[in-house]
Every structure is written in C-alpha cells, then in structure tokens.
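Please read it with the sequence and the coordinates at hand.

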Amino acid sequence: MSVNNKIFVYQEYILKVVSMAFNSEKFIEEATEDIKKTVGDGRAITALSGGVDSFVAATLAAKAIPEQLIVVYVDTGLMRKGETGNVLKIAREVGVNLIVTDAKEKFFAALKGVADPEEKRKKIGELFVRIFEEEAKKHDVKYLIQGTIAPDWIESGGLGRDTIKSHHNVGGLPEKMHLKLCEPLRELYKHEVRIVAKKLNLPDSIAERQPFPGPALAIRVVGEVTPEKVEIVREACAIVEDELEKAAKEKKMERPWQYFAALLPTKTVGVRGDERAYQYVVVVRAVRSLDGMTANFSRIPFETLEKISTRITNEIRSIGRVVYDVTNKPPGTIEME
Ligand code: XMP
C-alpha cells in the first residue's frame, strides 16, 4: 500500500469516527429553526442545481418555510448530458415545485472572450445572483438560501487564507447584492451533507451523487467557453461517467469520489484513417477524496482507460488525444480551473 493510500485509509477512519458524533436529526431541527428565524415572515428564493448541497438546502428551506419559498432551476446551458431533465424529474418526485429559467444565451454571452478562470467564476457568480434578483423582484423576496458548504468558503479565501479559487457562490458573488444570504449548510462538509440528505429521505441518486461544481462545464473547458466546446466536454464527461460507473459496478475498481473530462485549449497532431488530423485534447480526471479538500488520483485499470479513450476519439470526432491526469491535490486541484 502506498503512503498516500495509507494516509487515505487513516483519514477515512478518522472521518467515520467524527461522523458518528454528527447528529443529523439535531442538525435538521436547528437548521430549520434558523431558516425560520432568519427569513421571518418574508419570502426567500433558493436555487436548485441538482447537486446534493442545493437539494439539501432546498429541502430544509421547504420544511422550514413552505409557503414563503420560491425554488428556481437556472438552465445555464452548462449542465451535464441529460441533467436538466433529471433534476426536474427528481424535484417532482420529492415534491419540490420548481420555476425553470432559461438563461443559456445570457451565460454564453457573459463568458464570451473570457479565458481567465477567476474572471470566469466571477462572471458566473454575478450572473446567477442577477437572475435570482430578477426572480426575487417578481415575488417580493428578501433572502437567497444557498447550499454553500465549508470547503467553498475555505477555498475562496479571506481572513488570512489565500484564495485557491473563488467558488461561484462565495468569492464569485458580486459586491453589491440586493438579496441577503442564508446558508444553512455553511459549517458542513460533503460527507455530513450526504448524511443529512439520507435523513431527509432524499433518493440515493441525490445523496450519493458525485460533486458537480456550480460553474458547471464552464470550468471544464479550459480557456474561453463556447457552445461548441461545452458540447464536446459534455459528451466526453458522459462517456467517462458511463465507463467508470460500469467498471465500478463490475468491481474492477472502486467508484471514484469525482470523475469527469475536461477540454484543453490546445490541439495536437494525429492521424485519422491515413490523413493528418489536428484536434483537441481531452483530460480524464478521477479522484479519491473524503471532502474535496485533498484528493488522490484514482487507480483506473488500463482496460477501462483504453475503453474511455477509444469511445471518446470514436464518438467525438473533434478529439484526437485523450490523457489521464495523475496529479494529486495538492499540488493540483480537482477541477482544471
Ligand atoms: P477543487 O477544484 O477546488 O474542487 O479541488 C473541490 C470541490 O469543489 C468543487 N468546486 C465547486 N463547487 N462552486 C461549487 O459549488 C464552485 O465554484 C466550485 N469550484 C470547485 C469541485 O468540483 C470539487 O468537488
């Protein structure tokens, strides 16, 4: 067993012990009371992105202030394959009433010409808030309930900490906002959010869902985001998810904590048939982690990597090369940007 693996097993043990001390029932009671007290007799808006954090925040809010809550799903055009349909279906199943906002054009317009990752995150964070504010105005809403968790604000910096990256819901927020924030999950880590999700009877497809960042596929297109590049990375992510989930089900490997593809802005030379090709490079990323704060790259069997590479280059004709990222966090981060 490598040193990294030994450390991981030790951390996993500590986490199990710490989790035993986490009382999810008490947390739900207190968080619900807090939301009630904070929002008072006003109204609040919350956004459902489909991830476990936003589902748990929305479910707690719906428990606390059912008659005063507006739940929106912003279709940014940056979501994974089939995600919008899935979120709407699950929301219906768990009884959450959603307002869907089509903001695809707004997001692509805001991201046009933006290559810097921090600028990208800030544009996305600001646009989300402006969309929430527009919805809020229609319904006389004062509060924005967000599913921010501890790693989001820790990595966003401040109070002597360096900014690793501005999470869209913290460091990416605009300076001037008309909505006040309410963040019931602020002190929790991902594994605790999953415990709360189960306690709230959310389906496993939500409670066990791999993390997906708020800025979505925009930070998996390295450099400038275009609708064409998002389409490429969306297809590549779907293939990586499909093959790794199959391999995990067949017990060829453990299911990684997070797994996806990212598109690099460079092209490399290859051959298709007997002709020269000059095409994009896709990076496959899969990590084992406990809370996203540190991570080790996953040991994927070569057979599975080969399947992923063959499918990506066959099914996405603009991709000519597939590489596997063998960087731990630190020094890398999980996402490319
Ligand atoms: P990094 O890339 O910093 O990611 O190692 C750690 C975890 O956080 C997710 N992530 C985000 N989640 N808003 C989010 O809601 C963001 O802006 C954001 N950036 C990264 C990332 O997918 C990983 O699970």
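How many aromatic pairs does a search of the whole structure find? The model is a predicted one, and the search of the whole structure finds 4 aromatic pairs.

**Aromatic rings**

- A pair of aromatic rings is described by the distance of the centres and the angle of the planes.
- One of the pairs joins phenylalanine 22 and phenylalanine 27, whose ring centres lie 6.0 Å apart with 45° between the planes, an arrangement that counts as tilted.
- Phenylalanine 22 has a relative accessibility of 17% and therefore counts as buried, the cut-off being under 20%.
- Phenylalanine 27, at 14% relative accessibility, likewise counts as buried.

**Helix α3 against helix α8**

- Helix α3, which spans residues 52-64, and helix α8, which spans residues 190-199, have axes that come within 10 Å and cross at roughly 45°.
- The crossing in which α3 passes α8 is left-handed.
- On the side of α3 the contact is made by Val52, Asp53 and Val56, while α8 contributes Lys190, Val193, Arg194, Val196 and Ala197.
- Sorted by class, this contact of α3 with α8 comprises 5 nonpolar and 3 charged residues, with no polar ones.

How values were computed:
Residues are numbered from 1 along each chain as its sequence is written. This is a predicted model: local features need pLDDT of at least 70, side-chain atom pairs count only at pLDDT 80 or more; totals for chains, interfaces and linings use all residues. Side-chain values use heavy atoms; hydrogens and water are left out. Axes are lines fitted to C-alpha atoms, for helices over the stretch in contact, and angles run from 0 to 180 degrees between N-to-C directions. Helices (H or I, at least four residues) and strands (E, at least two) are DSSP runs, numbered from the N terminus. A crossing is left-handed if the near helix is turned anticlockwise from the far one by less than a right angle, and right-handed if clockwise. Contact means heavy atoms within 4.5 Å. Ala, Val, Leu, Ile, Met, Phe, Trp, Tyr, Cys and Pro count as nonpolar, Asp, Glu, Lys and Arg as charged, and the others, Gly among them, as polar. Rings of Phe, Tyr and Trp (its six-membered ring) pair if their centres lie within 6.5 Å; planes under 30 degrees apart count as stacked, over 60 as edge-to-face and the rest as tilted. Buried means under 20% relative accessible area, exposed over 50%, partly exposed in between (1.4 Å probe, protein chains only).
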